[in-house]
Amino acid sequence: MQSNSLLSPRYQANIELHSAAELERLLQEAERLVLENKVYPRREPVAFVLKGPEVALFTRANYEANRSMVDLAARLAAFEVVDLKVCESWLSSHRLTRADFPAFIDYVTDGHHEVQRLQSSGYAFF
């Protein structure tokens, strides 16, 4: 992948295990990636498309059990290091609504399509 001032890399997290430990590790890696890559665009956060069981980790009901990971995600979202997007199809199939989630979460209609869209837009997995 080219990385210069004209073609800065854009990244999306490759979520495979759908666990709190995996998400926390990926959030930490995203933070390191942005801090260490001097050419990373300030307004191009690392995309996290949540489309599986990991979505439930961010519900208000599960906050206490996942506090460190959710707090890290909130801090990174506030500084535009990451953009967490939740699949609304997954939400509706699990009887959840936007009201069940903190304000820093963004939403996409279909998580699988969003991953494909990001890939075709030049986002690389890390």
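**A buried glutamate and the nonpolar cores**

Glu54 is buried but forms no salt bridge. The nearest side chain of opposite charge belongs to Lys51, 5.6 Å away. The model is predicted. Glu54 lies in the loop between β2 and α2. Beyond its neighbours within four places in sequence, Glu54 is in contact with Ile15, His18, Leu23 and Val49.

The chain holds four helices and five strands. From the N terminus on, these elements follow the order β-α-β-α-β-α-β-α-β. Of the contacts with a separation of 6 or more, 70% join residues 24 or more positions apart. Among the 126 residues of the chain, 42% are buried. The accessible surface comes to about 7200 Å². Carbon and sulfur atoms account for 51% of that surface.

In soluble globular proteins, nonpolar side chains tend to be buried together. Here, the largest nonpolar core has 33 residues. Phe48, Leu50, Phe58, Val82 and Leu84 have the most contacts inside this core. Two or more core residues come from each of α1 (20-36), β2 (46-50), α2 (67-78), β3 (82-87) and α3 (88-93). A second, separate core has five residues, including Ala47, Val115, Leu118 and Tyr123.

Leu50 belongs to the largest core. Leaving aside neighbours within four places in sequence, Leu50 is in contact with Ile15, Leu23, Val55, Phe58, Leu84, Lys85, Val86 and Cys87. Ile15 and Leu23 are in contact with Glu54 and also with Leu50.

Methods: Residues are numbered from 1 along each chain as its sequence is written. This is a predicted model: local features need pLDDT of at least 70, side-chain atom pairs count only at pLDDT 80 or more; totals for chains, interfaces and linings use all residues. Side-chain values use heavy atoms; hydrogens and water are left out. Buried means under 20% relative accessible area, exposed over 50%, partly exposed in between (1.4 Å probe, protein chains only). Contact means heavy atoms within 4.5 Å. Accessible areas come from the Shrake-Rupley method with a 1.4 Å probe; for residues, only the protein chains shown count as cover. A nonpolar core is a set of buried Ala, Val, Leu, Ile, Met, Phe, Trp, Tyr and Cys residues joined through side-chain atoms within 4.5 Å. Lys and Arg count as positive and Asp and Glu as negative; His and the chain ends are not counted. A salt bridge is a side-chain nitrogen of Lys or Arg within 4 Å of a carboxyl oxygen of Asp or Glu.
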